[in-house]
Amino acid sequence: MRLDIWYIALALLMLLVGEAFGEWMARAHDHSLALVHSHLNVVGWASFALFGLIHRSFPVLASSRLALPQFLLAAASTVFLIGGLWVIWAVGDPFGAIVGAYGLLAATAMFVVMFFQRVVFAEERRV
Ligand code: HEM
Ligand code: HEM
């Protein structure tokens, strides 16, 4: 599974949905769901595109055993975070958003470990 391609593909889909949502908010003059829109764009588009481009820049990352779990956790957590922000707006229950938030934090920590193990320390050993 090419994680660079999948990260960028998901990022593009979330940009499309995020922008469509923004257009809707602007037309409806209803900004009450701005948090859903902003996080679809900044987490879904910007952060996922960067994860994908970092994978592309450092292909050695794909050889990490953490790579696939990291991708799956980030994708699932983003669904929980964004769905959960909507649920907070609709019924006030923060549970899903909290699950998504901790999941994303864990996925980010896994990416940090992968990057330091496979890139930063590997480079140190070479010089
Ligand atoms: C077709 C494209 C877009 C439209 C029509 C649009 C529309 C909007 C609207 C109507 C708001 C609500 C403003 C408010 O409540 O103050 C908003 C907020 C926001 N948008 Fe977009 N947006 C678009 C694309 C993007 C993209 C691509 C990003 C990020 C990469 C983005 C990031 C944000 C952020 C961070 C906020 C929250 C700003 C705040 O709360 O002050 N938007 N957008
Ligand atoms: C663990 C995941 C995250 C959670 C739980 C989270 C939660 C929140 C919350 C609760 C707010 C509203 C703050 C307020 O109105 O006082 C907020 C705003 C914002 N967050 Fe996040 N966030 C997360 C990740 C991120 C990331 C990764 C980015 C950027 C790449 C980001 C960018 C923003 C921006 C630009 C705003 C202000 C825009 C707005 O009010 O709509 N967030 N976030």
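## Contacts of A11

In this predicted model, A11 is in contact with G44, W45, F48, A49 and G52, once residues up to four places away in sequence are set aside.

## The largest nonpolar core

A11 also belongs to the largest nonpolar core, which has 22 residues, and it is one of the five members, along with Y7, M14, F48 and L81, that touch the most other members.

## The shell around ligand 1

Ligand 1 is surrounded by 13 residues, of which E19, G22, H31, S38 and N41 are the closest. The elements that give two or more residues to this shell are helix 1 and helix 2, and helix 2 gives the most, with seven residues. By residue class, the shell around ligand 1 consists of six nonpolar, five polar and two charged residues.

## The shell around ligand 2

Around ligand 2 lie A34, L35, S38, H39, V42, V43, A46, S47, L81, A101, L104 and L105. Helix 2 supplies the largest share of this shell, eight residues, while helix 2 and helix 4 each supply at least two. Nine residues of the shell around ligand 2 are nonpolar and three are polar, with no charged residue among them.

Conventions. Residues numbered from 1 in each chain as written. Chains lettered and ligands numbered in written order. Predicted model: local features only at pLDDT ≥ 70, side-chain atom pairs only at ≥ 80, totals over all residues. Core = buried A, V, L, I, M, F, W, Y, C linked by C-beta atoms within 7 Å. Buried ≥ 20, exposed ≤ 12 C-beta atoms within 10 Å, placed from the backbone. Contact = placed C-beta atoms within 7 Å. Near = placed C-beta within 6 Å. Helix = DSSP H or I, 4+ residues; strand = E, 2+ residues; numbered from the N terminus. Nonpolar A, V, L, I, M, F, W, Y, C, P; charged D, E, K, R; others polar.
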